[in-house]
Every structure is written in C-alpha cells, then in structure tokens.
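I opened my notebook and loaded a new structure.

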Amino acid sequence: MQQVGIERHEAMGVELDGLCGAYVVQALCELGWEPGHGDEFTTESLGEGLRISAQHRRLFVCLLGMLQEDGILEAKGSTWRVVREPGAVDLRAEMEALKEAHKGSAALLGLVERCGTHLSRALLGEVGPLD
C-alpha cells in the first residue's frame, strides 16, 4: 500500500518542484531580492543584503541550489549569476490546481503551502519550524 502513495507523490513531482521553486523566489523577493538577468552575487553578499538569519544560511544555500536546478541561477565558483529572470506565478492558483489534480496528496500539499507562504519570515528567524 505504501508504494502506491510514493507513486502518487512521484506523479506530481515536476509540478511540485516548480511550485516549490516559485515559493523560494517569492520569499527572496519579499525580502528585497530583485533578480535581473546577468546580476551576480555571492551567497554571503545576498544573504547579508536580505538579512538571512545565520541559523538559516545553510538552508539559504540549498534554496539557491533549487533556483539553479530551475535554470534561474548559475553557479560560478563562489558567485551566482542570474541567467533567467523568474516569471510571475500565481502561487495560490497553482496550489489549488495541484490540490484538485492530486486529492490524495492533500497533507503533503498543505505542508508545502504552509512552509512556502512563511518561508521569508522563517529565513529571517521570525518563525520557527513549529509555528
């Protein structure tokens, strides 16, 4: 039975990955990031500029890696470069569409939605994992 659940989650993997990347972009933009094609920055400089909490710097690096996987950023040594400006995404509509298409994954999608909508505040250390 558990295998069926795993297959169900894998079926929405690409859609969910895209939505998670959009939540990351939204969170960073809420903190003041204005990604422009060709912009370059280091993890340290952007993290400081956005006031990312020291306790969440490793998470911040992982989030930048997600944006690299999405084709938005490119890593060059310790420098990141914006290679594609992220487009606007209606996160609420996208999440509702996923919930409708994958009704059996309501718990997972609810968790993603809750974490995604609070990500910017979490990166600042304003909310904890149980908030």
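**Entry 1**

I started with Val112 and asked which residues touch it, beyond its neighbours within four places in sequence. I found contacts with Leu16, Cys20, Tyr23 and Met95. I keep in mind that this is a predicted model.

Next I looked up where Val112 sits. It belongs to helix α6, which covers residues 106–117.

Is Val112 buried or exposed? Its relative accessibility is 15%, so I count Val112 as buried. The cut-off for buried is under 20%.

I also checked a distance from Val112 to Leu19. The two residues are 93 apart along the chain. Their C-alpha atoms are separated by 9.0 Å.

**Entry 1: the sheet**

I turned to the strands. How many strands does the open sheet have, and in what order? I noted three strands, ordered β1-β3-β2, with antiparallel pairing. The edge strands are β1 (40–42) and β2 (73–76), and each of them pairs on one side only. From one strand to the next, the twist averages 30 degrees.

Then I went through the pairs. β1 and β3 (residues 79–82) run antiparallel and are joined by three bridges. Here I found Thr42 opposite Thr79 of β3.

The other pair is β2 with β3. These strands are antiparallel too, with four bridges. I picked out Ala75, whose bridge partner in β3 is Trp80.

β2 and β3 make a hairpin, with two residues between them. Gly77 lies in that turn and has a positive phi of about 65 degrees.

What packs on the sheet? I found helix α4, residues 57–69, touching β1, β2 and β3. The direction of α4 makes about 115 degrees with that of β2.

My last stop was the second largest pocket. Its volume is about 220 Å³. I listed 13 lining residues, and the closest to the centre are Ala22, Val25, Pro86, Gly87 and Val89.

Which element gives the most to this lining? Helix α2 (residues 13–30) does, with five residues.

I sorted the lining by class too. I wrote down seven nonpolar, four polar and two charged residues.

Conventions:
Residues are numbered from 1 along each chain as its sequence is written. This is a predicted model: local features need pLDDT of at least 70, side-chain atom pairs count only at pLDDT 80 or more; totals for chains, interfaces and linings use all residues. Side-chain values use heavy atoms; hydrogens and water are left out. On a 1 Å grid over the protein atoms alone, a cavity is a set of points where a 1.4 Å probe fits but cannot get out, and a pocket is an open set with protein on both sides within 12 Å along at least five of seven lines; lining residues have an atom within 4 Å of a point. Grid points are joined across faces, edges and corners, and a volume is the space filled by probe spheres set on the points. Ala, Val, Leu, Ile, Met, Phe, Trp, Tyr, Cys and Pro count as nonpolar, Asp, Glu, Lys and Arg as charged, and the others, Gly among them, as polar. Buried means under 20% relative accessible area, exposed over 50%, partly exposed in between (1.4 Å probe, protein chains only). Contact means heavy atoms within 4.5 Å. Two strands pair if DSSP finds at least two bridges between them. Axes are lines fitted to C-alpha atoms, for helices over the stretch in contact, and angles run from 0 to 180 degrees between N-to-C directions.
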